[in-house]
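Here are a few notes to go with your first look at this one. Have the view open and follow the points in order.

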Amino acid sequence: MPQRDLVIDCDTGVDDALALLFALRSTSLNVLGITTVAGNVTLEKVIRNTLIVVERSGRKVRVLPGAARPLFGTWRTSELVHGNDGMADMFPDPASKPGEEHAVDFLIRTAMQSPQPVEWLTQGPLTNIALALTREPRLEERVRSMVMMAGGITAGNTTPAAEFNVAVDPEAAEIVFRSRIPKTMLAIEPIDEGAWLMPEDGEQLLASKAPWAHMIGQLMQWQRERFKAFGADKPEVMYDPAATAVLIDPSIAESKMMHVAIETQGRFTRGMTVVDRRWFRDLLGDQPKPNVNVVTRIDNARYRRLFLDTLLA
Ligand code: BDR
Ligand code: CA
């Protein structure tokens, strides 16, 4: 099977690192480049972390610097979850440097020039994607599809209503969710319920001689210990790799076209993905058309298999 051309946009923290290695080691994907955005940590740290990941992946892929802040306001970074450097505070600085082209230019250029339609995978706030769509509206026809780790179906994690990637830049999310690019949304709930890994998966990866698998084992161990120290003792949930898995093999998930609006105002709900799940909405006749393919369930056994087979191959 020919490889699918893909650009990944990310804010490399711990789960982004797993997701990047998963995509970079997949034989079905041709990663054209990785664009970076401020999110879990500052852009500078995100670039550093992404370069480290690419160096461990055994692949040669460009890392492009993107937006250093959301479209509006400031945001709260996520060192509590990802460590002070955003990636578990354990890796030395990379030897490689980022590319000179800006992420937004790269997203536009690769989509407009590629002989076959490009796909996008987003793992962070949607700032770069919104800027690209605003600069070049023809992207709506050129990008075949995008899979996003974004939002919640009923709840959030950064606030009770809003998930981190949308909470950081709700205006950008609104631009993206309104676009005509075919979109799949991986919200926190199907990931919490279906996309976890077991401690023995982490041990198997840690024991591997392959630098990419070993790195994942290190990150999983770090996260397990950190979360245990916080009082949580549950299976290993990593958010971003779930989006990679669904991109590689959509048949591991159940999904449904739904209407999703982004709340950009809201005293308590700014950054919420308002998912219309009303069974009778079609009977009303005047409702906006469903705009997003929302993943509702992930088959855990198949998810783990795909992840481990790809990384341990
Ligand atoms: C998302 O927020 C970030 O902290 C993770 O990297 C993931 O992309 C989960 O809400
Ligand atoms: Ca992320």
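1. A word on naming before anything else: helices (H or I, at least four residues) and strands (E, at least two) are DSSP runs, numbered from the N terminus. This is a predicted model, where local features need pLDDT of at least 70, side-chain atom pairs count only at pLDDT 80 or more, and totals for chains, interfaces and linings use all residues. Residues are numbered from 1 along each chain as its sequence is written, and chains are lettered from A and ligands numbered from 1 in the order in which they are written.

2. Go to the loop between H3 and H4, where you'll find Asp-89. Its phi is positive, about 50 degrees, although Asp-89 is not a glycine. Ala-88 sits in that loop too, between helix H3 (79–82) and helix H4 (103–113), and has a positive phi near 70 degrees.

3. Ala-88 is buried, with 21 other C-beta atoms within 10 Å, whereas Asp-89 is exposed, with 11.

4. Now try H1. Of its 12 residues, 11 are buried, so the rest of the structure largely encloses this helix. Among the buried ones are Val-14, Asp-15, Asp-16 and Phe-22. The end C-alpha atoms of H1 are 17 Å apart, which agrees with the 16 Å that 12 residues should span (the expected span is 1.5 Å times one less than the number of residues).

5. What does H1 pack against? Helix H1 (residues 14–25) packs with helix H11 (residues 211–229) at an angle of about 160 degrees, their axes being 10 Å apart. That makes the pair roughly antiparallel (angles over 145 degrees count as such; they run from 0 to 180 degrees between N-to-C directions, and axes are lines fitted to C-alpha atoms, for helices over the stretch in contact). Val-14, Ala-17, Leu-18, Leu-21 and Arg-25 of H1 meet Trp-212, Met-215, Ile-216, Leu-219 and Gln-223 of H11 (contact: C-beta atoms, placed from the backbone, within 7 Å).

6. Last stop: Glu-193, in helix H9 (residues 188–194). Glu-193 is partly exposed, with 13 other C-beta atoms within 10 Å. The C-alpha atoms of Glu-193 and Asn-300 are 8.2 Å apart, although 107 residues separate them along the chain.

Technical notes:
Angles under 35 degrees count as roughly parallel, over 145 as roughly antiparallel, 65 to 115 as roughly perpendicular and the rest as oblique. Two residues are in contact if their C-beta atoms, placed from the backbone, lie within 7 Å. A residue is buried if 20 or more other C-beta atoms lie within 10 Å of its own, exposed if 12 or fewer, and partly exposed in between; C-beta atoms are placed from the backbone.
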